[in-house]
Amino acid sequence: MSQTDALGRATFHSITPQAGVRPTARDIRWLKHIERHGPLSSAHLIEFTSDTHRCKDTALRRLQALRAGGFLCLPTQQRACARAEFRPYVYDLAPKGAQFLKDAGLAENTVRPTGHWWHMHDTATFTAGVDLEARQRGFRYIPAHEILERAGATLAIPIGRRKLIPDQLFAIDYGGLFRAFMVEVDRGTEPIASPSARKSWRSALEQYHEAFRGGLPNRHYGLKAPVQVVWVHRTEARHAAFANRLGSIPEYSQGRHISTVVGWNFMPGTTISSVING
């Protein structure tokens, strides 16, 4: 297979390997950011380092060089969407990139999202956006692995014979005041209610209600700070439907649940103010 198009440019499916590519300080920031959150778009990565590098074209060429050097890869799943050719590329760590961080003593035992690739991507996009905006506002984003390592805990919270497993977990340090968040990402596939064992909004809300009633999130994660659940939706319609569902069961609210909408390429400034503003 040709590694370039008719004009000699790299394509999505192939790129000419380059030897001698060495990650710079900015490159390492990108690798660490992806390691922490998961697969992220070039648009987000460029914004993430805009405090030190402002040229978009130079950043895009550098991301391509890291791909040619084997440090980054382009997951093929991102092409399975409408008008994929018009969307920014989504990059993930390649094995060489992960090994580079390990050899440099920079690797961390991060908690990356799991499951279906698009669910992983949406979760990573949301938490990375919160991380970036918190940093821009002078707050500190605390990733899941720091919380879990401190408590010697797992992401899953035992509730009797079942387990409550959020899609992600993080906290924000607002300058000595803290708040923690459990994340639930809705891609529009979960029903409002289901008579089967399949996960639904109703079953998830019931499980969270039981967990909060027993103080389990704070106890399991070793947190003194308040804990809330952020429900992330792709469309306003799903957001409104969830808000109606939550409002119909007053005892489930009690300030524990936040609902927001994010697009395909969530960027700083579009997150819910209650997460960032404290």
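This is a predicted model: local features need pLDDT of at least 70, side-chain atom pairs count only at pLDDT 80 or more; totals for chains, interfaces and linings use all residues.
Me: Hi! Let's start with the open sheet of three strands. In what order do they come?
Reply: Hello! The order is E1-E3-E2, and the pairing is antiparallel.

Me: And which ones are the edge strands?
Reply: Those are strand E1 (40-41) and strand E2 (72-73), as each of them pairs on one side only.

Me: What holds strands of a sheet together, in general?
Reply: Strands of a sheet pair through backbone hydrogen bonds, and they can do that either parallel or antiparallel.

Me: OK, how many bridges are there between E1 and E3?
Reply: Two bridges join E1 to E3. If you want to find one in the structure, look at Leu-40: its bridge partner in E3 is Tyr-91.

Me: What about E2 and E3, how many bridges there?
Reply: E2 pairs with strand E3 (residues 90-93) over two bridges, in the antiparallel sense. Leu-72 stands opposite Leu-93 in E3, and Cys-73 has Asp-92 in E3 as its bridge partner.

Me: Which strands does H1 touch when it packs on that sheet?
Reply: H1 touches E1, E2 and E3. The direction of H1 makes about 85 degrees with that of E3.

Me: Switching topic: what is the strand order in the open sheet of five strands?
Reply: That order is E4-E7-E8-E9-E10, and here the pairing is mixed. The edge strands are E4 and strand E10 (257-261), each pairing on one side only. From one strand to the next, the twist averages 30 degrees.

Me: Do E8 and E9 run parallel or antiparallel?
Reply: They run parallel, and seven bridges join E8 to strand E9 (residues 227-233). To see a partner pair, find Glu-184, whose bridge partner in E9 is Trp-231.

Me: And where does H6 lie?
Reply: H6 lies across E4 and E7, and it runs at about 60 degrees to E4.

Me: Now the holes. How many cavities of 30 Å³ or more are there?
Reply: The structure holds two cavities of that kind. The largest cavity has a volume of about 60 Å³.

Me: Which residues line the largest cavity?
Reply: The lining includes Arg-36, His-37, Thr-127, Tyr-141, His-145 and Gln-168. Helix H1 (25-37), strand E4 (140-143), helix H6 (144-151) and strand E7 (168-173) are the elements that give two or more residues to the lining.

Me: How does the lining divide into nonpolar, polar and charged?
Reply: The lining of the largest cavity has five nonpolar residues, five polar and one charged.

Me: Last topic: how many aromatic pairs does the count come to?
Reply: The count comes to eleven aromatic pairs. One of them is Phe-170 with Phe-181.

Me: Why is that pair of Phe-170 and Phe-181 called stacked?
Reply: The ring centres are 5.1 Å apart and the planes are at 25 degrees, so the pair is stacked; planes under 30 degrees apart count that way.

Me: And which parts does the pair tie together?
Reply: Phe-170 lies in strand E7 and Phe-181 in strand E8 (residues 178-186), so the pair ties together parts that are eleven residues apart in sequence.

How values were computed
Residues are numbered from 1 along each chain as its sequence is written. Side-chain values use heavy atoms; hydrogens and water are left out. On a 1 Å grid over the protein atoms alone, a cavity is a set of points where a 1.4 Å probe fits but cannot get out, and a pocket is an open set with protein on both sides within 12 Å along at least five of seven lines; lining residues have an atom within 4 Å of a point. Grid points are joined across faces, edges and corners, and a volume is the space filled by probe spheres set on the points. Helices (H or I, at least four residues) and strands (E, at least two) are DSSP runs, numbered from the N terminus. Ala, Val, Leu, Ile, Met, Phe, Trp, Tyr, Cys and Pro count as nonpolar, Asp, Glu, Lys and Arg as charged, and the others, Gly among them, as polar. Two strands pair if DSSP finds at least two bridges between them. Contact means heavy atoms within 4.5 Å. Axes are lines fitted to C-alpha atoms, for helices over the stretch in contact, and angles run from 0 to 180 degrees between N-to-C directions. Rings of Phe, Tyr and Trp (its six-membered ring) pair if their centres lie within 6.5 Å; planes under 30 degrees apart count as stacked, over 60 as edge-to-face and the rest as tilted.
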